[in-house]
Amino acid sequence: MTKKQICTSCGKIVGGEGTVFRCPSCEKTISRCAFCKKLGIKYKCDCGFEGP
Ligand SMILES: [Zn+2]
Ligand SMILES: [Zn+2]
């Protein structure tokens, strides 16, 4: 079963080209769409962790 992932940066649904990973700080799942990944847009986790 595939759960829909929402991009942490822009709020869009993450497609097949996107990426899903764990926050290095709190291990919460972070998702980014291909667009934000490509542009290197910053993400921010609920715990306050920010990354490129
Ligand atoms: Zn995005
Ligand atoms: Zn976090």
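I began with the contacts of Cys 7. Leaving out neighbours within four places in sequence, I found Cys 7 touching Lys 12, Val 14, Gly 18, Ser 31, Arg 32, Cys 33 and Cys 36. One thing to keep in mind is that I'm reading a predicted model here.

Is Cys 7 buried or exposed? I counted 23 other C-beta atoms within 10 Å of Cys 7, and the cut-off for buried is 20 or more, so Cys 7 is buried. I also checked the distance to Thr 19: Cys 7 and Thr 19 are twelve residues apart in sequence, and their C-alpha atoms are 8.9 Å apart in space.

How many bridges join β1 to β2? I got four, between β1 (residues 19-22) and β2 (residues 29-32), and the two strands run antiparallel. Together β1 and β2 make a hairpin, with six residues between the strands.

Next I went into that loop between β1 and β2, where Glu 27 has its place. Phi of Glu 27 is near 70°, which is positive even though the residue isn't glycine. I made a note of that, because most residues other than glycine have a negative phi. Is Glu 27 buried or exposed? I found 11 C-beta neighbours inside 10 Å, and 12 or fewer means exposed, so Glu 27 counts as exposed.

Then I jumped to Phe 49, in the loop between β3 (43-44) and β4. Phe 49 has 14 other C-beta atoms within 10 Å, which makes it partly exposed. Not counting residues up to four places away in sequence, I saw Phe 49 touch Cys 23, Pro 24, Ser 25 and Cys 26. For Gly 16 I got another distance: Phe 49 and Gly 16 are 33 residues apart in sequence, and 25 Å apart in space, C-alpha to C-alpha.

After that I zoomed out. What elements does the chain have? I counted one helix and four strands, and along the sequence they come in the order β-β-α-β-β.

For 52 residues, a compact globule would have a radius of gyration near 10 Å, and the chain has 10 Å, so the two agree. The C-alpha atoms fill a box of roughly 30 × 25 × 15 Å along the principal axes. Buried residues make up 15% of the 52. For contacts between residues at least 6 apart in sequence, 25% join residues at least 24 apart.

The chain averages a pLDDT of 90, and 96% of the residues score at least 70. Which element has the lowest mean pLDDT, and which the highest? Strand β4 (residues 50-51) is lowest with 88, and helix α1 (residues 34-39) is highest with 94.

Key. Residues numbered from 1 in each chain as written. Chains lettered and ligands numbered in written order. Predicted model: local features only at pLDDT ≥ 70, side-chain atom pairs only at ≥ 80, totals over all residues. Rg over C-alpha atoms; globule rule 2.2 N^0.38 Å. Contact = placed C-beta atoms within 7 Å. pLDDT = per-residue confidence, 0-100. Pairing = 2+ DSSP bridges.
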